[in-house]
Amino acid sequence: MSLKAEIISIGSELVSGQSLDTNSRWLSQELGALGIATAFHTTIGDDLDDNVAVFRAAADRADLVLTTGGLGPTQDDLTRDALARAAGVGLREDPDSLAAIAALFARRHRTMAERNRVQALFPEGAEPLPNAIGTAPGIWMRVGRGMFACMPGVPSEMRLMFTDQVVHRLRGLGWIERIFVHRKISLFGRGESDVEADALDLTARGHVPEIGITVHDATISFRIRGEGSTVDEAWRQTDEAVALIRLRFGPLVLGEGTTDVADALVAELARAGATLATAESCTGGLVAHLITAIPNVSPYYPGGVVSYSNQAKTELLDVPAELIQTHGAVSPEVAVAMAQGARRRFNADVAVSATGIAGPGGGTPDKPVGLVYLGLATRDTAESRRLEMGPEQPRDVIQSRSSKQALNWVRLTLQGWPDKAAALESS
């Protein structure tokens, strides 16, 4: 069966550009995983006549119509009225939905406004879709060719309603015959063309499962799509490919899913029971920001220093002034001294530093824009690395890639350290 789906996003804030529609993308991905192709994306403002016209058009050209938004209690929430007009029916109040809305207000110790009663109104012949975490129930109703599932615009409410209420109804219609799963394995440390050259057999057209490569901010991802009659079968189809990617690319592999360099680093810090300190100049605190964006990192990150000026380097990190005078702030010697100073200041197991020229000005023939030195210090060793990203790169790209290179260097260093938890268990 070849089904067509249409996704309609409702709200004047969307068509005006004031808010970004993330619901359509998420729903398209979810439908794709269920084997249902999305043929149309429509965005519409809060105008009743326009909504009715869009609903009627969707009812003629799509088998499944998913709408988000317009189910609130205010006067510009028009989905229920527009759907009733498109179907040529009136509205009725559903007692169970009204009771559920009132109960939610009671649990939150709030008084339900009289206006909220409109959220319990449904087109004649429609089935309510319960909302477990919000006041707006959804609507399940056939209009012409299309089966409509109208859901709230709040992403958390919409996603839960789709997963808990809509999917099993689609199964009941016999519309879900094949299941698709998507897995993402992220890598860092080599260029996209180099990685792809070692994966031509995996990304070849017709390979089962289907594997593609994407890149974002220097992180390379293998995207693997498995297919089966059940989730388990579809997942199993991807297992061999995932294992092969991990084996072939070894230390480059950061992890699966949304894992990026910072996530993988924090996982290594936790495994090794190690602490990390940072010292930053050209990256301006971005290394620290990436680390502290990861939940539960406090035991492993005591802190860092943004030593943007030479004075800050000497006063906060004990970098000798004569070292800066002799070699310059952007030098391997200063990068090492910064890392050593941060490690001592925070009594950390390892420290990483970054000093460079992020541009767009400030470069010289000897030290062009895009030149960055990283330093890494442990309790026993200290060393530096030179990065050259090119003067054509924008400032934010130089800062971002330098920061991720710094984090990745620490990650790779920690991979050679013993597992503290395992050592404690065996002692």
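Me: How many bridges join S13 to strand S15?

Reply: There are 5 bridges between S13 and strand S15 (residues 350-356), and the two run parallel. Read the labels like this: helices (H or I, at least four residues) and strands (E, at least two) are DSSP runs, numbered from the N terminus. Strands count as paired if DSSP finds at least two bridges between them. One caution: this is a predicted model, where local features need pLDDT of at least 70 and side-chain atom pairs count only at pLDDT 80 or more, while totals for chains, interfaces and linings use all residues. Residues are numbered from 1 along each chain as its sequence is written, and side-chain values use heavy atoms, leaving out hydrogens and water.

Me: In S15, what is the bridge partner of Ala 279?

Reply: Ala 279 partners Ser 353 in S15. Thr 278 stands opposite Val 352 in that strand. Now look to S14 (residues 303-306): 4 bridges join it to S13, again in parallel. There, Ala 277 faces Gly 303.

Me: In what order do the strands of the open sheet around S13 stand?

Reply: The order is S14-S13-S15-S16-S17, 5 strands with mixed pairing. S14 and strand S17 (382-388) are the edge strands, each pairing on one side only. Neighbouring strands are turned by 15° against each other on average, direction ignored. For such angles, axes are lines fitted to C-alpha atoms, for helices over the stretch in contact, and values run from 0 to 180 degrees between N-to-C directions.

Me: Is S13 enclosed or open to the outside?

Reply: Start with the general idea. In a regular strand, side chains alternate between the two faces of the sheet. Buried means under 20% relative accessible area, exposed over 50%, partly exposed in between (1.4 Å probe, protein chains only). In S13 (residues 276-280), 5 of the 5 residues are buried, so the strand is largely enclosed by the rest of the structure. Leu 276, Thr 278 and Glu 280 cover one side, Ala 277 and Ala 279 the other.

Me: What do S13, helix H11 and S14 make together?

Reply: They make a right-handed β-α-β unit, with H11 spanning residues 286-292. Handedness is read with the strands pointing away from you: right-handed means the path from the first strand over the helix to the second runs clockwise.

Me: Now a helix. Which residues of H5 are buried?

Reply: An α-helix has 3.6 residues a turn, so residues three or four places apart point the same way. In H5, the buried residues are Ser 97, Leu 98, Ile 101, Leu 104 and Phe 105. Down the axis they fall within an arc of 125°, so they line one face of the helix. The arc uses the directions from the helix axis to the C-beta atoms. Pro 95, Asp 96 and Arg 107, on the other side, are exposed.

Me: Which strands do the buried residues of H5 pack against?

Reply: They pack against S4 (91-93), S5 (121-123) and S6 (127-129). Contact here means heavy atoms within 4.5 Å. Just after H5, His 109 takes a positive phi of about 55°. Helix H4 (residues 79-87) is likewise followed by a positive phi, near 75°, at Gly 88.

Me: Where does S6 stand in the sheet that starts with S2?

Reply: The sheet is open, with 6 strands in the order S2-S1-S3-S8-S7-S6 and mixed pairing. S2 (37-44) and S6 stand at the edges with a single partner strand each, so one side of each is left without a neighbour in the sheet. The twist averages 20° from one strand to the next. Within this sheet, S1 (residues 4-10) and S3 (residues 64-68) pair in the parallel sense over 5 bridges. Ile 8 has Thr 67 as its bridge partner in S3.

Me: In which sense do strands S10 and S11 pair?

Reply: S10 (residues 210-216) and S11 (residues 219-228) are antiparallel, with 7 bridges. Ile 211 stands opposite Ile 224 in S11. The hairpin has 2 residues between the strands, and Asp 217 takes a positive phi near 50°.

Me: Last one: is Phe 180 buried or exposed?

Reply: Phe 180 is buried, at 12% relative accessible area. Phe 180 lies in S9 (residues 179-187). Beyond four places in sequence, its contacts include Gly 32, Leu 34, Arg 225 and Glu 227.
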